[in-house]
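Give the cut-offs behind each term as it comes up.

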Amino acid sequence: DMNRRLIIAVAAIASIAVLAGCSQKYSAERDGKKLGEAICDLRSATTREEADDALEEINDQLDDLSTKFAVFTAEDRADVQNNLADLAEHTIQGNDVLAQQDLAVLERSADNIAEDANEVRSAAWEGLLQGLAECTQN
């Protein structure tokens, strides 16, 4: 009957939406992790050239996340850019203490941004934290 067909159609559409949401969330988390790994590459840079290459990769990843998932405001992005500039400078100077503090600030920023975000955006920031764990966990 018609009602039954309608219920089946609605259920099918709902399950497709859930699967798409899960897929998008997974994709956001994976992309966030790539960003975290790129930040770890910056953390391990030993020359200005390596740092610049890492910053370029980081900015590509940030652009990608922004385009796909609108994961942050312009203000958030500016804060992250400032943190990354500090990290690059302290890493190149060999100042491990300040570089680790810079990573901690980035982790805190990611946590704060994720708290205010929807599920997909939060997944991107959780992915970032996973990627950062490669260079923040001792």
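Predicted model: local features only at pLDDT ≥ 70, side-chain atom pairs only at ≥ 80, totals over all residues.

A residue is called buried when its relative accessible area is under 20%, exposed when the value is over 50%, and partly exposed in between, with a 1.4 Å probe and protein chains only. Residues are numbered from 1 along each chain as its sequence is written, and side-chain values use heavy atoms, with hydrogens and water left out.

The secondary structure comes to 5 helices and 0 strands. Helices (H or I, at least four residues) and strands (E, at least two) are DSSP runs, numbered from the N terminus. Read from the N terminus on, the order of elements is α-α-α-α-α. The accessible surface of the protein chain is about 8100 Å², and 51% of it belongs to carbon and sulfur atoms; these areas come from the Shrake-Rupley method with a 1.4 Å probe, and for residues only the protein chains shown count as cover. Contact means heavy atoms within 4.5 Å. Among the contacts with a separation of 6 or more, 68% are between residues 24 or more positions apart.

The interior comes next. In soluble globular proteins, nonpolar side chains tend to be buried together. A nonpolar core is defined here as a set of buried Ala, Val, Leu, Ile, Met, Phe, Trp, Tyr and Cys residues joined through side-chain atoms within 4.5 Å. The largest such core has 33 residues, and those with the most contacts inside it are Ile39, Leu42, Ile58, Leu84, Leu106 and Trp125. At least two residues of this core come from each of α1 (2-43), α2 (48-69), α3 (74-92), α4 (96-115) and α5 (119-136).

The expected span of a helix is 1.5 Å times one less than its number of residues. For the 19 residues of α3 this gives 27 Å, and the end C-alpha atoms are 27 Å apart, so the two values agree. The buried residues of α3 are Arg77, Val80, Asn83, Leu84, Leu87, Ala88, His90 and Thr91. An α-helix has 3.6 residues a turn, so residues three or four places apart point the same way. After α3 comes Gly94, with a positive phi near 75°.

What disulfides does the structure hold? A search of the whole structure finds 1 disulfide, the term meaning a pair of cysteine sulfur atoms within 2.5 Å. The partners are Cys40 and Cys135, whose sulfur atoms are 2.2 Å apart. This pair links distant parts of the chain, with Cys40 in helix α1 and Cys135 in helix α5, 95 residues apart. The link of Cys40 and Cys135 is left-handed, with -80° about the S-S bond. Cys40 counts as buried because its relative accessibility is 8%, and Cys135 is buried because its relative accessible area is 16%.

The charged side chains form links of another kind. A salt bridge is a side-chain nitrogen of Lys or Arg within 4 Å of a carboxyl oxygen of Asp or Glu, and the whole structure has 7 salt bridges. One of them joins Lys68 to Asp31, with the closest N and O atoms 2.8 Å apart. This pair links distant parts of the chain, Lys68 in helix α2 and Asp31 in helix α1, 37 residues apart. Asp31 counts as buried because its relative accessibility is 1%, whereas Lys68, at 40%, counts as partly exposed. Apart from residues up to four places away in sequence, Asp31 touches Gln61, Asp64, Leu65, Lys68 and Phe69.

Lys68 also forms a salt bridge with Asp64, where the closest N and O atoms are 3.3 Å apart. Lys68 and Asp64 are 4 residues apart in helix α2, and therefore separated by about one helical turn. Asp64 counts as partly exposed, at 26% relative accessibility. Salt bridges that share partners join Asp31, Lys34, Asp64 and Lys68 into one network.

Arg77 and Asp63 meet in a salt bridge as well, at 2.9 Å from N to O. This pair links distant parts of the chain, Arg77 in helix α3 and Asp63 in helix α2, 14 residues apart. Arg77 is buried at 19% relative accessibility, while Asp63 is partly exposed at 37%.
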